[in-house]
Amino acid sequence: MITYENVYDVIVVGAGHAGCEAALAAARMGCHTLMLTINLDAIALMSCNPAIGGLAKGHLVKEIDALGGEMAKNIDATGIQFRVLNTRKGPAVRASRAQADKQLYRLRMKRVMEHQSRLDLKQGEVTALYVDSGDLRGVDTRSGIRFLAKTVIVTTGTFMRGLIHIGLRNYPGGRAADLPSVGLSDQLASLGFTVGRLKTGTPARLDGRTINYAKLDKQFGDNPPLPFSFSATEITLPQVPCHIAYTNKRSHEIIRAGLDRSPLYVGLIEGIGPRYCPSIEDKVVRFPEKDRHQTFLEPEGLDTVEIYPSGLSTSLPIDIQYFFYRSIAGLENVEIMRPAYAIEYDYVDPIQLHSSLETKLIPNLYHAGQINGTSGYEEAAAQGLMAGINAALRSKGRNPLVLTRSDAYIGVMIDDLVTLGTKEPYRMFTSRAEYRLLLREDNADLRLREKGYALGLVSEEEYVRFFEKREKIAHEYSRVASMRLTLNSQEQAFLEANGMTDIHKGTTYEQLLRRPEMSYDHLSEFDDVSRETPREIKTQVEIQVKYHGYIERQLEQIKRSQNFESSRIPTGLDYFSIQGLTTESREKLSAHRPDTLGQASRIPGVTAAAISVLSVYLKANAQKITSRAD
């Protein structure tokens with residue numbers, strides 16, 4: 001084994017969406033960083049859907065951007081269709097989504113990383129962590145090179161003991177055409193980590209030249225397209241439509257007839273698949289009453305004919321795949337360019353992590369992405385960003401950054417993982433966020449930009465632009481709250497035309513905006529300043545006015561819970577020595593090892609009475625616990 005000459009502050013294992021954000025964050029924070037990957041040509045490769053964002057996932061992307069991450073900027077530069085979802089619903093659940101030019105997305109991220117100072121990129125398979133006398137020192141590669149570092153972040157995606165299934169045939173692979181990672185998960189298990197098995201899948205890639213689009217409905221993006229990044233002003237790439245198709249009864253008959261050759265249904269696949277993104281055979285079996293399932297035919301880029309049929313992932317044999325896809329109207333003569341497949345891979349139970357994403361068993365080791373049991377590019381990128389930030393802070397001897405459930409969707413996701421663990425691929429939903437009215441897409445910068453700037457991830461130029469925006473919002477809110485109707489001829493004409501003759505002289509614009517039939521754009525009909533106010537300022541002021549009461553209630557709930565969330569629990573606390581805890585509570589707390597009382601309160605089986613006992617114990621023994629920690 002040859003030891004490489006440099007000693008790094010941070011080593012990142014893997015170059016998927018988690019690895020990219022982790023490596024960029026650490027390097028931008030001034031750390032000498034190394035990223036190791038099996039294939040340097042696959043940096044930020046979109047293994048499945050060529051899209052970023054969606055319900056709740058769009059929130060994560062906006063938060064990544066607010067903190068200074070790269071994902072939003074990358075999709076803005078390479079997106080070919082942008083849409084805001086749930087526009088008819090409230091602002092808490094609206095979400096952005098964009099189709100990417102798959103190859104441009106990968107190439108741009110690779111270029112960003114290659115030009116990032118203090119970041120080295122090297123091709124090599126990490127087969128083991130280098131642990132010396134219980135201390136993490138670096139990593140070993142299959143080629144016989146040992147790289148030393150203060151901290152290591154593992155972001156292996158689906159590569160650890162990856163096994164690809166197409167029908168009853170299977171072969172090792174991290175994804176199609178890529179080798180798996182072998183050895184690392186065995187070592188993690190030997191070090192005491194709980195290693196499990198998960199499964200995911202992807203549909204076939206279809207030849208767009210063989211699709212009869214005349215039989216399909218077009219779906220266009222928004223015009224004009226709205227960027228993800230708070231730093232972006234416009235989208236420059238040409239925009240293209242998707243097409244909508246449907247399975248039918250014959251499609252479902254073909255699926256059912258092939259189940260005896262499905263690895264999922266004959267028991268070849270051990271891993272648990274995603275509940276909320278099932279394969280087409282799962283849909284057909286679980287929902288027999290449905291006559292059809294919708295699919296969006298999504299282009300993979302501007303200069304390729306490959307089409308991604310979303311929602312039609314399968315692990316059925318290739319001959320059945322042909323029969324199935326060709327049973328769909330418009331796809332009667334379709335050719336498959338890449339077959340669909342399922343993939344099994346190892347993951348590590350995330351309850352063995354602190355909220356910083358540092359492992360509890362080995363200090364200075366961080367896990368991020370699908371190794372923690374999550375699914376999706378956005379979930380992975382958000383974890384990668386936080387792991388990169390915290391590894392960098394650790395290498396500098398500083399305290400970690402932990403986002404709470406009231407700070408960000410990122411905080412909700414990480415708390416869910418480290419507190420509850422997961423037995424199936426975890427996906428972010430708006431319903432998981434109890435403070436979702438505060439954690440909107442549109443205000444991610446107002447919530448997190450300061451933190452990103454303090455870390456050195458947000459540039460001075462970006463911060464100045466944000467500061468000016470925040471000042472304008474505050475000024476406009478103050479103006480709207482103080483301006484009153486004089487009932488001049490212009491105002492009276494507006495009120496009469498809109499059936500609001502009950503409005504009295506002296507009513508403030510704020511009071512007027514609170515009416516459900518009133519929008520900020522209505523103010524523009526009689527108020528010159530409103531007419532000139534930028535859209536992003538209008539949006540913030542209108543939301544803050546209309547949802548003022550609800551927002552105040554959520555802020556009060558957060559205030560009440562802060563004591564629990566900030567009450568730290570010592571790492572080595574012996575729960576079996578605490579009188580008054582039930583056996584179940586002791587076992588649950590010992591297994592999960594929560595960092596705070598707030599986390600402990602969310603562990604299934606730990607009762608409110610147990611939390612009360614634990615709180616009393618921590619207060620009574622605070623001095624003893626503090627001196628022991630010192």
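In the predicted model, Cys-31 is buried, with a relative accessible area of 1%. The sulfur of Cys-31 lies 17 Å from the closest cysteine sulfur, which belongs to Cys-20, and this separation is too far for a bond. Cys-242 counts as buried because its relative accessibility is 2%. With a cut-off of 2.5 Å between cysteine sulfur atoms, the number of disulfides comes to 0.

Helix 2, which spans residues 57-67, is largely enclosed by the rest of the structure, since 11 of its 11 residues are buried. The buried residues of helix 2 include the charged side chains of Lys-57, Lys-62, Glu-63 and Asp-65. Also buried in this helix are Gly-58, His-59, Leu-60, Val-61, Ile-64, Ala-66 and Leu-67. Just after helix 2, Gly-68 adopts a positive phi of about 105 degrees.

The antiparallel pairing of strand 4 with strand 5 extends over 6 bridges. Within this pairing, Gln-81 has Gln-99 of strand 5 as its bridge partner.

The loop between strand 4 (79-85) and strand 5 (95-100) contains Asn-86. Although Asn-86 is not a glycine, its phi is positive, at about 60 degrees. Asn-86 counts as partly exposed because its relative accessibility is 24%. A further residue other than glycine with a positive phi is Arg-118, for which the value is near 65 degrees. Arg-118 is placed in the loop between helix 4 (102-114) and strand 6 (119-123). With a relative accessibility of 40%, Arg-118 also counts as partly exposed. Most residues other than glycine have a negative phi, and most peptide bonds are trans. A cis peptide bond is found between Asn-223 and Pro-224, where omega is about 5 degrees. Pro-224 is located in the loop between strand 14 (217-219) and strand 15 (242-246).

Strand 17 (residues 306-309) is paired with two strands, strand 13 and strand 16. The pairing of strand 13 (residues 205-207) with strand 17 is antiparallel and comprises 2 bridges. Here Asp-207 stands opposite Glu-306 of strand 17. Strand 16 (residues 294-299) also pairs with strand 17 in the antiparallel sense, over 3 bridges. Pro-299 has Ile-307 of strand 17 as its bridge partner. Strands 16 and 17 together form a hairpin, with 6 residues between them. In a regular strand the side chains alternate between the two faces of the sheet. In strand 17, Glu-306 and Tyr-308 point one way, whereas Ile-307 and Pro-309 point the other way, and all are buried.

Two packed helices are described by the angle between their axes and the distance between the axes. Helix 11 (residues 444-455) packs against helix 12 (residues 460-482) at an angle of about 145 degrees, and the two axes are 11 Å apart. The crossing of these helices is left-handed. Helix 11 contributes Asp-445, Leu-446, Arg-449, Glu-450 and Tyr-453 to the contact. From helix 12, the contact is made by Glu-460, Glu-462, Tyr-463, Phe-466, Lys-469, Arg-470 and Ile-473. By class, the contact holds 5 nonpolar and 7 charged residues, with no polar residues. An α-helix has 3.6 residues a turn, so residues three or four places apart point the same way.

Note on methods. Residues numbered from 1 in each chain as written. Predicted model: local features only at pLDDT ≥ 70, side-chain atom pairs only at ≥ 80, totals over all residues. Heavy atoms only, no water. Buried < 20%, exposed > 50% of the residue type's maximum accessible area, 1.4 Å probe, protein only. Axes fitted to C-alpha atoms, helices over the stretch in contact; angles between N-to-C directions. Helix = DSSP H or I, 4+ residues; strand = E, 2+ residues; numbered from the N terminus. Left-handed = near helix turned anticlockwise from the far one by under 90°. Contact = heavy atoms within 4.5 Å. Pairing = 2+ DSSP bridges.
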